[in-house]
Each structure stands twice: as C-alpha cells, then as structure tokens.
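Here is a friendly walk through one structure, with a look at charged pairs and at the surroundings of a ligand. Have the picture open as you read.

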Amino acid sequence: MIELTNGSDVMELPNYKEARKRNTEIVEKEYYEINDNLINIGLNKTYHVKTYGCQMNEHDTENIKAMLEQLGFVEEVDIFKADVVILNTCSIRENAHNKAFGMLGRLKHVKEESNKNMIIGLCGCMAQEEKVVNDIMKKYKYVNFVFGTHNIHHLPYILDKAIKTKKQVIEVFSKEGNIVEGLPSKRANRYKAFVNIMYGCDKFCTYCIVPMTRGKQRSRDKDDIIKEVNKLVKEGYKEVTLLGQNVNAYGKDLNTNYTMANLLEDVAKTGIPRVRFMTSHPWDFTIDMIEVIKKYNNIMPSIHLPVQSGSNKVLKLMGRKYTKEEYLELFDQLRTIPNVTISTDIIVGFPSETETDFEETLKLCEYCKFDNAYTFIFSPREGTAALKLKDETTLKEKEERLYKLNELVNKYFLESNQKMIGKVVDVLVDSKSEKEGMLCGYTDTNKLINFYGDEKSIGEIVKVEVVDAKTWSLDGKQK
Ligand code: SAH
Ligand code: SF4
Ligand code: F3S
C-alpha cells in the first residue's frame with residue numbers, strides 16, 4: 001500500500017498494459033461475504049447512486065445499492081442531499097465522460113455550500129482509465145473514493161476506509177478478478193431482471209474501450225445462471241435479460257462444449273415467461289441459436305445485432321472480423337425467425353471513412369430496414385488502436401452523415417411500427433405511462449407501447465391492440 005503525501009490512500013491504480021493482457025487461465029469463483037463489523041457503518045445515513053452507460057452498469061448499480069443497504073444506508077432520491085453519492089460511470093464515448101465530470105463539478109459545489117459531509121465515490125468504466133484516476137488524484141481531491149469494475153465487492157471496505165481515514169481511497173484492479181457469486185441485488189424493476197452470463201470482452205474492436213475497462217471474457221457457471229433464473233421465476237419475475245458484451249461467445253472460455261445455444265435452451269426451460277439476451281456480436285451467432293430461438297415461445301423474437309458499418313474497408317479497420325456479405329447472410333437467416341425484429345448499432349465518421357464508405361452503410365440500412373438503431377459519431381478513446389488512425393473527416397461532415405443516417409433509419413422504424421397497426425400483441429405491462437391515463441410496456445418484439453388498459457395489469461403480460469404508430473413507440477388499447 002502506498003501512502004501519498006496528497007492524502008490519497010492508493011491500494012491499486014489502473015494500468016492499461018495490464019488491462020490489455022489476455023491469458024487462458026480459467027478464472028476462479030468466489031462468494032461475496034461481508035464482515036460483520038461493517039454492517040452498521042450506514043446507520044442513519046443515506047446514499048444515492050447515479051448510473052451512466054449500458055445495462056451492465058445498471059445491473060452493477062443494483063448490486064451496489066443492495067450492498068449499501070446491507071451496511072444500513074437508506075436510498076435518497078435527491079443526489080444533492082445524500083450522505084454518500086456514487087457515480088457509476090461509462091467510458092464508451094467522450095460525452096459520457098463529460099456528463100460524469102459535469103456532475104462531479106456540481107457535487108463539488110454542493111459539498112462546499114450545503115452538504116459539507118458528503119462522501120463522493122466514483123466507480124464503473126471510467127475508474128478503470130489511467131488518465132481519469134490520475135486526474136481525480138490531482139484535480140478532484142474532494143472525491144473520497146474510487147473503485148473499479150473488478151472489485152465492486154470490495155465497496156464496503158473501501159467506503160469504510162474512506163469514512164475512517166478521511167483520505168482519498170483508491171482501489172482499481174487492472175487484471176480481472178474472480179467471478180463473484182452471491183452479491184446482493186436491489187433490482188430496479190419488480191418484473192424484469194438482468195442476469196449476467198459473462199463478463200468482459202476479448203474482441204478488441206479497434207474503436208472500443210470495453211476490453212480495457214471490463215477485462216477478459218469470463219463466462220459464469222451455467223448452474224449459477226440457471227439457479228438465479230429459477231429464483232427469479234419463484235419470486236414472480238416475468239422477464240430476464242441475459243447480459244454480456246458478447247453473449248454469443250458464452251462458454252468459449254470454459255473447458256466445456258456447453259454453448260450459448262445450450263444456455264438459451266436451459267433458461268427457456270425454466271419457464272420464465274420472457275427471455276431476452278444482449279449484446280450479440282455477429283461473429284459468434286450460430287445456426288443452433290437460431291433453431292433454439294424458433295423452438296421456444298418464451299425466447300423473445302428481437303435481436304440486437306450491431307453492424308457498425310456497411311463498408312468492408314471500414315469493418316476491417318474496426319477489427320469486426322466479418323464482412324458486409326457475412327453480416328447480411330446472418331441477417332437473412334435471422335429474418336426466418338417468425339415475427340422477428342432486428343436492431344443495430346452504427347458508427348459514422350470512423351477514421352478514413354469516405355463518402356462512398358458511408359453510402360455503403362446507407363445501402364446496407366436500405367436493405368436491412370432495421371426496426372431500431374443506435375447511431376453514433378466515432379469518438380476516439382485513449383488506449384484503443386483506432387486512436388492512432390489518421391482521420392481527415394471534419395466534425396461537420398460527420399454530423400451531416402449522422403443526420404442523414406438518422407433520417408433514413410427513422411423512416412424504417414416508423415414503417416416497422418406502422419405494420420403493427422391493427423395487430424394484437426403481447427405486452428408486459430411496466431407501469432403507468434407518461435401519457436395521461438395510459439399504461440406502458442414492451443411487446444415481445446421489444447417495441448415500446450402506450451395503451452389504455454387496466455392498472456391491475458401492471459406486471460402481467462396482456463393482449464393489446466395496436467391502434468397507432470409513431471417513430472419510437474406504438475399506441476394501443478388493451479383487449
Ligand atoms: N458489446 C457490444 C457493444 C457495446 S458498446 C457489441 O459489440 O455490440 C455499444 C455501442 O457503442 C457499440 O456497438 C458501438 O456502436 C458504440 N461505440 C463503442 N465505442 C465507440 C466509440 N469509440 N465511438 C463511437 N461509438 C462507439
Ligand atoms: Fe467493444 Fe467490440 Fe467488445 Fe463490443 S465486441 S464490447 S464493440 S470490443
Ligand atoms: Fe459504458 Fe462500460 Fe457499458 S464503457 S457502455 S458502462 S461496459
């Protein structure tokens with residue numbers, strides 16, 4: 001342990017060289033335990049966790065909240081009033097950084113003015129970045145503690161230390177840790193649950209920071225996954241989303257022949273009414289998986305299949321390991337799943353993307369007519385290979401490409417939704433809608449629908465007739 005003169009207590013700092021390393025060792029499993037001495041440190045104190053980024057982070061937040069509640073803390077909805085505030089951050093694009101740093105600035109102000117004893121923590125993917133943690137140590141001394149994505153289970157100890165020593169406590173592992181089972185979870189939704197099936201990513205797409213922030217791919221033991229789903233079924237959950245950066249590669253790091261297709265089938269057999277999974281990398285999507293999806297009614301026919309670009313040149317530079325033709329072949333096979341909807345992610349303005357490359361992306365979208373798409377301008381990330389590529393396209397050109405792409409994909413979302421008018425669909429009812437007097441939920445094909453219905457149906461799967469279609473949602477009435 002290094003004691004810094006600036007008042008930091010550094011147990012371990014992030015290191016990209018370490019984070020990039022991959023070995024073939026199978027990671028160990030350990031069980032979360034909490035020291036009895038700590039379970040009162042939160043008595044009469046409140047917490048607030050703010051989450052940025054993807055479902056992985058949302059799910060980590062569920063664990064973090066439950067750990068804090070084990071320590072006696074109570075949730076406070078107003079971030080500026082809480083005694084302990086934790087920002088669970090995302091590194092994927094520059095604007096995610098800006099949001100988190102913007103919030104830190106606001107918290108500093110509040111800590112100086114009105115909530116002087118506020119304890120501020122930072123975790124998540126930004127905590128795995130060397131530069132971020134160096135900046136926190138130098139310029140953000142009011143941040144009390146930092147922990148990374150590999151040591152979430154150490155939170156009670158880190159927080160306790162930060163409170164007792166009044167120093168800035170930093171513990172970020174660069175090498176992925178063990179798989180930790182038995183973490184408590186305060187689930188955000190009573191009917192829909194996230195279940196991790198794997199951690200990390202070994203794909204190293206050249207633009208992407210995730211392999212550095214989340215470590216090497218580690219699949220969870222299938223028995224632990226099935227046990228968790230069975231428990232959720234007993235507790236009345238209606239839907240699980242199997243989570244991973246690249247779920248189709250499930251099992252490849254274990255010494256077994258058990259694949260994602262096998263896991264999907266076993267999860268479907270638990271009888272949970274709805275099974276979803278994300279995210280799928282086209283490289284590992286197998287015909288066996290398609291067959292399993294077709295065989296089980298409770299595996300939802302909605303697939304997120306990021307394409308990133310329609311140009312083979314750009315795909316190669318991105319390190320995506322498939323061509324446009326291979327993507328389209330898989331896409332056509334997926335379309336044979338009855339009723340299926342397919343969504344995607346697309347990056348515009350990748351270094352060296354020309355107008356002609358971009359037009360190939362548009363052409364691919366004209367063919368695929370995606371039901372939904374998340375579109376981004378390339379954001380250079382420190383520690384990734386694409387950072388070194390020459391990029392001559394101006395931001396203005398990139399913005400124009402994004403605008404043009406969005407216009408096209410939005411047209412297809414609307415068309416896809418309009419095809420639903422008059423149909424009766426299955427909807428898992430989430431809650432009251434923001435639209436006065438209506439409820440909202442998602443169809444089996446993952447479309448958001450606002451509808452007139454019976455409030456008692458919240459948490460149930462009901463039949464709803466689609467009466468109108470917008471670009472991003474449907475309107476309906478319960479049958
Ligand atoms: N594991 C998922 C992606 C997770 S990140 C997959 O491989 O599909 C979600 C999306 O963010 C990516 O699909 C990509 O479109 C986008 N993204 C990732 N890094 C980015 C970057 N540096 N700039 C812009 N978009 C990026
Ligand atoms: Fe990032 Fe590629 Fe891994 Fe997805 S598959 S998390 S885009 S490196
Ligand atoms: Fe962001 Fe980390 Fe998820 S970088 S997208 S929170 S894995």
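## A linked network

Which residues are linked in a network of salt bridges? They are Lys65, Glu69, Glu75 and Lys186. A salt bridge here is a side-chain nitrogen of Lys or Arg within 4 Å of a carboxyl oxygen of Asp or Glu. By that rule the count comes to 42.

A quick word on the ground rules: this is a predicted model, where local features need pLDDT of at least 70, side-chain atom pairs count only at pLDDT 80 or more, and totals for chains, interfaces and linings use all residues. Residues are numbered from 1 along each chain as its sequence is written, chains are lettered from A and ligands numbered from 1 in the order in which they are written, and side-chain values use heavy atoms, with hydrogens and water left out.

Lys432 pairs up with Glu455 in a salt bridge, with 3.8 Å between the closest N and O atoms. Lys432 sits in strand β19 (residues 424-432) and Glu455 in the loop between β21 (448-452) and β22 (461-469), so the pair ties together parts 23 residues apart in sequence. Strands are DSSP runs of E, at least two residues, numbered from the N terminus.

Lys390 and Glu392 also meet in a salt bridge (3.7 Å, N to O). Then there's Glu176 with Lys175, at 3.8 Å, N to O. Glu176 has 6% relative accessibility and counts as buried, while Lys175, at 39%, is partly exposed. Buried means under 20% relative accessible area, exposed over 50%, and partly exposed in between (1.4 Å probe, protein chains only).

## Around ligand 2

The residues surrounding ligand 2 (a heavy atom within 4 Å) include Cys201, Phe204, His281 and Arg320.

Terms used: Helices (H or I, at least four residues) and strands (E, at least two) are DSSP runs, numbered from the N terminus.
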